[in-house]
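Subject: Structure handover

Hello,

Here is the structure for your set. My notes follow below it.

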Amino acid sequence: MRHVLTQEGYTFVDAILQLFVLLLFSQLILFYSVWFKQVEKHFFQSEPIEWELFSSEIENNLFGVTAIEEQVSQTGIRLVKNGAEYDIECYQSIIRKQRNRSGHEPMLIGVRKCKFQVLGDQVLIDVEFANGRKEARTYEVYMSQE
């Protein structure tokens, strides 16, 4: 078959429509990248998750305590629970837990500074992370009569 050449070809209207579609998709790609950065910021940072896990573990450790005291210079607390003595303290760039002054169980890492205060039957913990983020929380101490 023979092709018949016509005067029809690529028109200005075709170019405008293709440019419009290109701009529409580029806006969608831009919107997706901004949205993904927000999702990544809120869901993929590990520090808030680590802080909540640390907080939960502290709450469990402060239940059924027979005695609690603040360490010198507010770098930790010492508590007696089930006949064992536990130290929860700042050590270098972590908060660690020791049982009977031995061992080394990291509870929270990436810590620049921390401060523990015993205020009656409450414990206040202030933590500054290495990236400058700060967290503070007050925990209730549930005393046992052993």
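R78 counts as buried, at 18% relative accessibility. The cut-offs are these: buried means under 20% relative accessible area, exposed over 50%, partly exposed in between (1.4 Å probe, protein chains only).

Some ground rules first. This is a predicted model, in which local features need pLDDT of at least 70, side-chain atom pairs count only at pLDDT 80 or more, and totals for chains, interfaces and linings use all residues. Residues are numbered from 1 along each chain as its sequence is written, and side-chain values use heavy atoms, with hydrogens and water left out.

Salt bridges

The structure holds eleven salt bridges. The criterion is a side-chain nitrogen of Lys or Arg within 4 Å of a carboxyl oxygen of Asp or Glu. In general, side chains of opposite charge can pair when their charged atoms come close.

R78 has a salt bridge to E69, with the closest N and O atoms 3.8 Å apart. E69 is partly exposed, at 43% relative accessibility. R78 also bridges to E85, where the closest N and O atoms are 3.7 Å apart. E85 counts as partly exposed at 24%.

Another bridge joins R112 and E128, at 2.7 Å from N to O. R112 sits in strand β7 (residues 111-119) and E128 in strand β8 (residues 122-129), so this pair ties together parts 16 residues apart in sequence. Helices (H or I, at least four residues) and strands (E, at least two) are DSSP runs, numbered from the N terminus. R112 is partly exposed, with a relative accessible area of 47%. E128 is buried, at 12%. Through shared partners, salt bridges join E69, R78, E85, D87 and R101 into one network.

The sheet

Which strands make up the open sheet, and in what order? Five strands run β2-β3-β4-β5-β6, with antiparallel pairing. Two strands count as paired if DSSP finds at least two bridges between them. The edges are β2 (67-70) and β6 (102-109); each has a single partner strand, so one side of each is left without a neighbour in the sheet. On average, neighbouring strands of this sheet are turned by 20° against each other, direction ignored. Axes are lines fitted to C-alpha atoms, for helices over the stretch in contact, and angles run from 0 to 180 degrees between N-to-C directions.

β2 pairs with strand β3 (residues 76-81) in the antiparallel sense, over four bridges. I68 has L79 in β3 as its bridge partner. Helix α2 (residues 46-61) lies across β3, β4, β5 (94-99) and β6, and runs at about 135° to β6.

Y86

Y86 is found in strand β4 (residues 84-91). Is Y86 buried or exposed? Y86 is buried, with a relative accessible area of 18%. Neighbours within four places in sequence aside, Y86 is in contact (heavy atoms within 4.5 Å) with I77, R78, L79, K81, K97, Q98 and R99. L23 and Y86 are 63 residues apart in sequence and 63 Å apart in space, C-alpha to C-alpha.

Aromatic rings

Rings of Phe, Tyr and Trp (its six-membered ring) pair if their centres lie within 6.5 Å; planes under 30 degrees apart count as stacked, over 60 as edge-to-face and the rest as tilted. By this rule the count comes to five aromatic pairs. One of these is Y32 with W35, a tilted pair at 5.9 Å centre to centre and 40° between the planes. Y32 and W35 are three residues apart in helix α1 (residues 12-43), so about one helical turn separates them. W35 is partly exposed, with 45% relative accessible area.

The pair of F63 and Y142 is tilted too, because its ring centres are 5.6 Å apart and its planes stand at 55°. F63 lies in strand β1 (residues 63-65) and Y142 in strand β10 (residues 142-143), so the pair ties together parts 79 residues apart in sequence. F63 counts as exposed at 54% relative accessibility, and Y142 as partly exposed at 45%.

Y32, W35 and F36 form one aromatic cluster.

The charged end of R96 sits over the ring of Y91, 4.0 Å from its centre. The test is NZ of Lys or CZ of Arg within 6 Å of the ring centre and within 35 degrees of the ring normal.

Best regards
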